[in-house]
Amino acid sequence: VNGLALALFVVQKVVAKITARSKTIRSADVVEEDCGWHVFLCLDAPGFSFAPGQWGLISHSSILGRLFTAAHPFTIVPGPSGSEQVRFFIKVSGKFTASLATACKSGEYPSISLEGPYGNPPLPAPWASAVVFVIGGVGITPALSLLPEARKASINLTPIYWALRSKRLLERCEPLLGNYINADSSENCIRLNDRSMRSGPDREPLPLGAKHGKEKVGEWLRATADNLPAGAQSVLLFICGPASLASDAKRAISGISKVAWHLHIEQFLFLPNPPKIGSSTPKVEPTLVGNPSKIGRASCRERV
């Protein structure tokens, strides 16, 4: 059985490589800040369709050929309405992203291949009365398409916690988020922790009602739960960010019993996690955080 599973996995990966489509880079902006570099990539992708929240594998040319080129996962950001474009907001944090940034900065765009789309997004979720986003840094990318999807599904309660260090990332996301985040900015917590910027009376206001400094995610989640309307009992909690942020959020909601939380933590997984040896129980077990009497069961889902 293991051998058959391995063979099927290899075949699937080979097919994915062969069917990967070469895309033309329409534009590539490389932004350097004290907090690091970001690459804002826009590709012409005619015929490429994806669901909100899905991700793709991108790679650039290799002398060994397509089958031996390492591909890296990034969340797909929708292009302008009516265009056949896709975008990727990428934090430079490794050898691949550094080489991509260097090539794009030089103006000699590399040849890009796009595989996918992959992923099982958490929306639409007809059972959810609210969607709470807890985001760290460039983890905002799935929310850029999931927030509009939530509004399309008539979910109007979508408070967001977003901790980041890049002002340019905040500015780049403003036109994509401005029409969808809750009008009452007090419901959101967007915090820019940029050490290079000092406080002062002449400081310009930040986009999306963001503020400078930090706020603990646990305190914000407790306040958010208290402010939810009485009918908002089944809440999807979407987390995309560092492991420490996810741990703090999970620890906070474990003590909030008035809300039934459906927990979704974003991860890039080509296949689901296998069950533990000697056990028929999946590695990721269905869990419900909150009051079980309010709804049936919820699942802690990883991105697959």
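**Notes on packing**

A reminder to myself before starting: this is a predicted model.

**Entry 1: helix H6.** I began with H6, residues 243-253, and looked up its buried residues: Leu 245, Ala 246, Ala 249, Ala 252 and Ile 253. They sit on the same side of H6, because they cover an arc of only 130 degrees around the axis. What covers the buried residues of H6? I noted strands S8 (130-136), S9 (160-164), S12 (234-240) and S13 (260-265), along with helix H5 (217-227), as included in the cover.

**Entry 2: a residue of H5.** While there I picked Ala 223, which is part of helix H5. I put Ala 223 down as partly exposed, because its relative accessibility is 35%. I also checked Ala 223 against Glu 187: they are 36 residues apart along the chain, and their C-alpha atoms are separated by 9.2 Å.

**Entry 3: strand S9 and its partners.** S9 is mostly covered, with 4 of its 5 residues buried. On one pairing, S8 and S9 run parallel over 4 bridges, and I found Val 134 opposite Tyr 161 in S9.

**Entry 4: the nonpolar cores.** Which residues of the largest nonpolar core touch the most other members? Among its 34 residues, I got Phe 133, Ile 140, Trp 162 and Leu 177. At least two residues of this core come from each of S8, H3, S9, helix H4 (167-177), S10 and S12. I then listed the contacts of Trp 162, leaving aside neighbours within four places in sequence; they include Ile 135, Ile 140, Leu 169, Cys 173, Leu 177, Ile 190 and Leu 208. Apart from this core lies another, of 24 residues, and Leu 221, Ala 252, Val 259 and Leu 263 are among them.

**Entry 5: helix H3.** H3 is largely enclosed by the rest of the structure, because 10 of its 12 residues are buried. The buried residues include Pro 142, Leu 146, Pro 148 and also Glu 149. Their cover includes strands S4 (72-75), S5 (77-78) and S6 (85-91), together with S8, H4 and S12. Just after H3, I noticed that Ser 154 has a positive phi of about 65 degrees.

**Entry 6: helix H2.** I finished with a length check on H2, residues 95-106. At 1.5 Å a residue its 12 residues should span 16 Å, and the end C-alpha atoms are 17 Å apart, which agrees. The buried residues of H2 are Phe 96, Thr 97, Leu 100, Ala 101, Ala 103 and Cys 104. They fall within an arc of 165 degrees seen down the axis, so they line one face of H2. On the other side of H2, I found Lys 95 and Lys 105 exposed. Gly 107 follows H2, and its phi is positive, near 90 degrees.

Methods
Residues numbered from 1 in each chain as written. Predicted model: local features only at pLDDT ≥ 70, side-chain atom pairs only at ≥ 80, totals over all residues. Heavy atoms only, no water. Buried < 20%, exposed > 50% of the residue type's maximum accessible area, 1.4 Å probe, protein only. Arc of directions from axis to C-beta. Contact = heavy atoms within 4.5 Å. Pairing = 2+ DSSP bridges. Core = buried A, V, L, I, M, F, W, Y, C linked by side-chain atoms within 4.5 Å. Expected span 1.5 Å × (residues − 1).
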